[in-house]
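Here is a friendly set of notes to read alongside the model. Keep the structure open and find each residue as you go.

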Amino acid sequence: MCFLILFAIFAFATCGGYSGGLRLSVDCVNKTESNLSIDIAFAYPFRLHQVTFEVPTCEGKERQKLALIGDSSSSAEFFVTVAVFAFLYSLAATVVYIFFQNKYRENNRGPLIDFIVTVVFSFLWLVGSSAWAKGLSDVKVATDPKEVLLLMSACKQPSNKCMAIHSPVMSSLNTSVVFGFLNFILWAGNIWFVFKETGWHSSGQRYLSDPMEKHSSSYNQGGYNQDSYGSSSGYSQQASLGPSSDEFGQQPTGPTSFTNQI
């Protein structure tokens, strides 16, 4: 449970706390119109279409107001929301496991609720991580300096020089996607352990054990009948052997008496 709490914290911290930016330069033929340091900052929740900036047109002192392309706020906010609620539930479940173990197992209601919630969070982590991975891909494309330079009219003129000075660092966002899928693996693997605490698992074991007990009891009864039958037949054989041995012992008396008579 501690891993669920820590991984959830890492997931929403690396995504929800992100802020980055890029820096461009536009060098016009007329140096007075150039701007060699154009800073463009963006952050969570990545509503890039609301990020505006001004660039020179290299046609006098006129400025061109542009905005980034794209909006990945829905996938990012959904991912962070799942992470926050997973953290809160894991924290509450830890408290219940430690201090309210008897109430947790009462009427088997606690394990069943825990099992259902675990399945739901496993599904949400899979959907949220997949959606955020796609959203992050869109953010990388929209904040690529080469793509941003294509939006500027001054950069379409060969006489002007446009360059990317600084690109955004996406390492923490990449880490958030990794932690998202790790959370899915942890929650999906935890389904089995929570299922073992429910009554469904114990009832299934009883169902499997009852036929085995019946089969073993019937086998023992059959063995007992065979033993009793074997003992009775042995006793009858001993009884039948008794008289034959007596008769066999009486056979020498006949010829002896006949000799005496002679």
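**Notes on the bonded cysteines, salt bridges and helices**

1. Let us begin with the cysteines. If you number the bonded cysteines of the chain in sequence order, they pair as 1-2, 3-4. Please keep in mind that this is a predicted model. A search of the whole structure turns up two disulfides, and the next points take them in turn.

2. The pair to look at now is Cys 28 and Cys 58, joined by a disulfide with an S to S distance of 1.8 Å. Where do Cys 28 and Cys 58 lie? Cys 28 is in the loop between β1 (19-27) and β2 (35-43), while Cys 58 is in the loop between β3 (52-56) and β4 (63-67). The pair therefore ties together parts that are 30 residues apart in sequence.

3. Stay with this link a moment longer. Is the disulfide of Cys 28 and Cys 58 left-handed or right-handed? The torsion about its S-S bond is about -70°, so the disulfide is left-handed.

4. Is Cys 155 buried or partly exposed? Its relative accessibility is 21%, so Cys 155 counts as partly exposed.

5. Cys 2 counts as exposed, at 56% relative accessibility. Cys 15, on the other hand, is buried, with a relative accessible area of 0%.

6. Next come the charged side chains. How many salt bridges does the structure hold? There are four, and one of them pairs Arg 23 with Asp 39, whose closest N and O atoms are 2.6 Å apart. This pair links distant parts of the chain, since Arg 23 sits in strand β1 and Asp 39 in strand β2, 16 residues apart. Arg 23 is partly exposed at 35% relative accessibility, and Asp 39 is partly exposed with a relative accessible area of 48%.

7. Another salt bridge brings together the side chains of Lys 31 and Asp 27, at 3.1 Å from N to O. Is Lys 31 buried or exposed? With a relative accessibility of 57%, Lys 31 counts as exposed.

8. The side chains of Asp 138 and Lys 134 meet at 3.1 Å, N to O. Both belong to helix α4 (residues 109-142), and because they are four residues apart there, about one helical turn separates them. Asp 138 is partly exposed, with a relative accessible area of 35%.

9. Finally, compare the model with the database record. An unreviewed UniProt entry lists residues 78-100, 112-133 and 177-195 under "transmembrane region". In the model, residues 112-133 are 100% helix and 0% strand, with the end C-alpha atoms 32 Å apart. Residues 177-195 are likewise 100% helix and 0% strand, and their end C-alpha atoms lie 28 Å apart.

Key. Residues numbered from 1 in each chain as written. Predicted model: local features only at pLDDT ≥ 70, side-chain atom pairs only at ≥ 80, totals over all residues. Heavy atoms only, no water. Disulfide = S-S within 2.5 Å. Helix = DSSP H or I, 4+ residues; strand = E, 2+ residues; numbered from the N terminus. Buried < 20%, exposed > 50% of the residue type's maximum accessible area, 1.4 Å probe, protein only. UniProt positions renumbered as here; feature names shortened; annotations may be inferred.
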